[in-house]
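Please take a moment with the sequence and the model before reading on. The paragraphs below go from the fold of one chain to individual side chains.

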There are 4 protein chains.
Amino acid sequence: MSLSLQIPMRWGDMDAYGHINNVEIVRILEEARVHAFGPPAGTGLPGVEVELPIFADLPEGIQALVVEHRIKYLASLHYRNVPAKVDVWISAVKGASFTVAYAIFDPVAGTKCVIAETTLAYYDEPAGQLIRLLPEKKQMLSALLGEPNFR
Amino acid sequence: MSLSLQIPMRWGDMDAYGHINNVEIVRILEEARVHAFGPPAGTGLPGVEVELPIFADLPEGIQALVVEHRIKYLASLHYRNVPAKVDVWISAVKGASFTVAYAIFDPVAGTKCVIAETTLAYYDEPAGQLIRLLPEKKQMLSALLGEPNFR
Amino acid sequence: MSLSLQIPMRWGDMDAYGHINNVEIVRILEEARVHAFGPPAGTGLPGVEVELPIFADLPEGIQALVVEHRIKYLASLHYRNVPAKVDVWISAVKGASFTVAYAIFDPVAGTKCVIAETTLAYYDEPAGQLIRLLPEKKQMLSALLGEPNFR
Amino acid sequence: MSLSLQIPMRWGDMDAYGHINNVEIVRILEEARVHAFGPPAGTGLPGVEVELPIFADLPEGIQALVVEHRIKYLASLHYRNVPAKVDVWISAVKGASFTVAYAIFDPVAGTKCVIAETTLAYYDEPAGQLIRLLPEKKQMLSALLGEPNFR
């Protein structure tokens, strides 16, 4: 199973080459995580319902940190005044981390432009250490388990 | 008359103060212009219909340039996972420039957070000079004429 | 008297027009304030000496907020792999706010590309109110007093 | 052999967590490439000398495209008002692509915060196809060959 999200591009995401800059693609991945799992700092709610509120209910002081990104640019993503289509699923769940997988599609041409994976961990900021995933979070994440993008 | 637009915020628009950064507010104004008038470089279409296609049909080599911004921050804009409400209208039309006026509202609390104005001019890039507004553009802009935010 | 600062541009500050985007100019103004007055959240030090440490010693919970920007774009700022030259001075000191004035120059061609002013106020975040400038801050600021860019 | 670069952070690179945002780390990698190899669109020069002008002399229409990023975040990078220390070297040279490897260090604490690799390819935009590396480029790149960050 995967979530199919609509993530808006901004005109300013283009660089001097006239396509969406590779760094802004990583911003679009961040937005896809926020749409799917909720705003990580616990701000921004209530508003639209979050698909899978993995971040939305984090206790004060617990941060969802990016541990690793892997991003493959298959084709230029052109700016459109309609949102990019971003598929999001989970490709791994471990004791203290999990991996989000994505595919970004041009919403007009339908081209698959980017595949990516982000590994995240929960960090207890006051205690200064990573924390283990709670069983109920693991269960929520497992509902979205799918194939990895990279081997 | 004014256009009432929905401009998405991004989680990454927040700065270390935990609210939408003053610079990202200016990015939101840029997005409001693109939503209202079309993408300035002529890219990005077709997609959603543009309210008032002032930029969308610019000939190759003609750029819509920002000549001046004036931005008043009335209250902090907090990040929401729903779009900011941005009202857009025209506060001046001159021979070779026009002024866009905006008000940005917190979409949850309803607070008016920002008022702003941007003066734009058309620039003929190959010729290296500003160009006059065409009568039909002036007429389109006049339909949105309203009160200035600053005197 | 004014401070003459070296503020680096980034290649990614360019937009699809191939020059420094108007929004990134506002980011360059933010950086100029940080170089001149110190990082506002009190982070980032020690490092290089701050010219006029107006922000650098703010007590916990006191924020330096942007109240108003006025920015005039006189000429396109082209990307250079050397820092932009930014002159910074103070154009007004009031009871609870002060105004920073700037001029941005192309570091290769020498062209004056942008003039701008930013009005800032100190905000007591826990108390939820603006606070008055301390006499010693006023005195520091007065040393940089110069002509306003706008009348 | 590796290049040791000084890449400035910006105050605005921090997110609501109060450290340099993971996306802005990718911007810092872009800047490191520009410092090491020259501005990719051929703009921005003359200015400071480029260490290894791999991008700086690209003919009109040839673009250096990011094909893949892999980024491992080892520790939070805290904002400093002095530049981050970024080591850059080459970890692979192939027929039509090459891989840049990086390590980002906190300039105050000395901590290694990020390791990363970016694979780049040259793209002939008018012809719409990737092009092979010229022998002289391969030779320049080989002078910086070192160990990969990922296996």
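Predicted model: local features only at pLDDT ≥ 70, side-chain atom pairs only at ≥ 80, totals over all residues.

Residues are numbered from 1 along each chain as its sequence is written, chains are lettered from A and ligands numbered from 1 in the order in which they are written, and side-chain values use heavy atoms, with hydrogens and water left out.

Chain A contains 2 helices and 6 strands, where helices (H or I, at least four residues) and strands (E, at least two) are DSSP runs numbered from the N terminus. Followed along the sequence, these elements of chain A come in the order β-α-β-β-β-β-β-α. The radius of gyration of chain A is 16 Å, close to the 15 Å that the globule rule gives for 151 residues, so chain A is as compact as a globular protein of that length; the radius is taken over C-alpha atoms, and the rule is 2.2 Å times the number of residues to the power 0.38. Along the principal axes, the C-alpha atoms of chain A fill a box of roughly 45 × 35 × 25 Å.

Of the 151 residues in chain A, 57% are buried, a term that means under 20% relative accessible area, with exposed meaning over 50% and partly exposed in between (1.4 Å probe, protein chains only). Among contacts (heavy atoms within 4.5 Å) in chain A between residues at least 6 apart in sequence, 65% join residues at least 24 apart.

Charge is the next topic. Chain A carries 13 positive and 17 negative side chains, and the centres of the two sets lie 8 Å apart. In this count Lys and Arg are positive and Asp and Glu negative, with His and the chain ends not counted, and the place of a charge is taken as NZ of Lys, CZ of Arg, CG of Asp or CD of Glu.

Side chains of opposite charge can pair when their charged atoms come close. Over all chains, a search of the whole structure finds 32 salt bridges, each being a side-chain nitrogen of Lys or Arg within 4 Å of a carboxyl oxygen of Asp or Glu. One of them joins B:Asp13 to A:Arg10, at 2.7 Å from N to O. This pair crosses between chains, and each partner sits in the loop between strand S1 (3-7) and helix H1 (22-37) of its own chain. B:Asp13 counts as buried because its relative accessibility is 3%, and A:Arg10 is likewise buried, with a relative accessible area of 5%.

Within chain C, C:Glu30 forms a salt bridge with C:Arg27, their closest N and O atoms being 2.6 Å apart. These two residues both lie in helix H1 (residues 22-37) of chain C, 3 residues apart, which is about one turn of the helix, and both are buried. Salt bridges that share partners join A:Arg10, B:Asp13, B:Glu24, C:Arg27 and C:Glu30 into one network.

Within chain A, the side chains of A:Arg80 and A:Asp106 meet in a salt bridge at 2.8 Å, N to O. The pair links distant parts of the chain, 26 residues apart, with A:Arg80 in the loop between strands S2 (62-73) and S3 (84-93) and A:Asp106 in the loop between strands S4 (97-105) and S5 (112-124). Both A:Arg80 and A:Asp106 are buried.

Some single residues complete the tour. C:His69, in strand S2 (residues 62-73) of chain C, counts as buried at 0% relative accessibility. Leaving aside neighbours within four places in sequence, C:His69 is in contact with residues including B:His69, B:Tyr73, C:Arg33 and C:Glu117. D:His19 lies in the loop between strand S1 (3-7) and helix H1 (22-37) of chain D and counts as buried at 10% relative accessibility. B:Ala143, by contrast, is found in the segment after helix H2 (135-142) of chain B and is partly exposed, with a relative accessible area of 47%.
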